[in-house]
Amino acid sequence: WSAPVALLASAANERHASLVQTAADAFVLVYLSNATGGFRIHRATSSDGSLFAPQGALDLGWVSAGEINPQLTRDPDGSLNLVYH
């Protein structure tokens, strides 16, 4: 094991990460963050699994903040499923 490092480091409260590898060189990370003013589910991507580029909050159709504790899974056919409280 290597020494732990932060996948994302900002002033926001970021937690409850869920990581899925979608291809040999593609990773998707979803996590809870208050970076946009209220807690929303955010997404970040990576090609190596260690350096992630934040992509912002997911538009899930909610008018106010509140989507929490995301869990991302990948089906055998490659489709992604996101569940949250």
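## Close-up views of a predicted model

**View 1. The four-stranded sheet.** An open sheet of four strands is built in the order β1-β2-β3-β4, with antiparallel pairing. Its edge strands are β1 and β4 (53-57), each of which pairs on one side only. On average, and with direction ignored, neighbouring strands of this sheet are turned by 20° against each other. Strands here are DSSP runs of E of at least two residues, numbered from the N terminus, and two strands pair if DSSP finds at least two bridges between them. The angles, from 0 to 180 degrees, are taken between the N-to-C directions of axes, which are lines fitted to C-alpha atoms.

A note for all the views: this is a predicted model, in which local features need pLDDT of at least 70 and side-chain atom pairs count only at pLDDT 80 or more, while totals for chains, interfaces and linings use all residues. Residues are numbered from 1 along each chain as its sequence is written, and side-chain values use heavy atoms, with hydrogens and water left out.

**View 2. Where β2 meets β3.** Strands β2 and β3 (residues 40-46) run antiparallel and are joined by seven bridges. Look for Val-30, which stands opposite Arg-43 in β3. In a regular strand, side chains alternate between the two faces of the sheet.

**View 3. Ser-33 in strand β2.** Ser-33 belongs to β2 (residues 26-33). Ser-33 counts as buried because its relative accessibility is 0%; buried means under 20% relative accessible area, exposed over 50%, and partly exposed in between (1.4 Å probe, protein chains only). A polar atom of the Ser-33 side chain lies 3.1 Å from the backbone nitrogen of Ala-35. Not counting residues up to four places away in sequence, Ser-33 touches Ala-12, Asn-13, Glu-14, Gly-38, Phe-39, Arg-40 and His-42, where contact means heavy atoms within 4.5 Å.

View 4. The largest nonpolar core has six residues in all: Leu-8, Phe-27, Leu-29, Tyr-31, Ala-44 and Phe-52. Strand β2 gives the most to this core, with three residues. A second, separate core of five residues includes Val-28, Val-30, Ile-41 and Leu-72. Such a core is a set of buried Ala, Val, Leu, Ile, Met, Phe, Trp, Tyr and Cys residues joined through side-chain atoms within 4.5 Å. Back in the largest core, the contacts of Tyr-31 beyond four places in sequence include Leu-8, His-16, Ala-44, Pro-54 and Pro-70.

**View 5. Thr-22 in strand β1.** Thr-22 sits in β1 (residues 14-23) and is partly exposed, with a relative accessible area of 25%. Leaving aside neighbours within four places in sequence, Thr-22 is in contact with Phe-27, Val-28, Arg-74 and Leu-80. Thr-22 and Leu-7 are 15 residues apart in sequence, and their C-alpha atoms are 17 Å apart in space.

View 6. Strand β5 (residues 71-74) runs antiparallel to β6, and four bridges join the two. Within this pairing, the bridge partner of Gln-71 in β6 is Val-83. The two strands form a hairpin with five residues between them, and Gly-78 in the turn has a positive phi of about 95°. Leu-82 lies in β6 (residues 80-83) and counts as partly exposed at 26% relative accessibility. Beyond four places in sequence, the contacts of Leu-82 include Val-30, Ile-41, Leu-58, Leu-60 and Leu-72. Leu-82 and Ser-2 are 80 residues apart along the chain, with 29 Å between their C-alpha atoms.

Notes: Polar contact = N/O pair within 3.5 Å; in protein donor to acceptor, adjacent residues only side chain to side chain.
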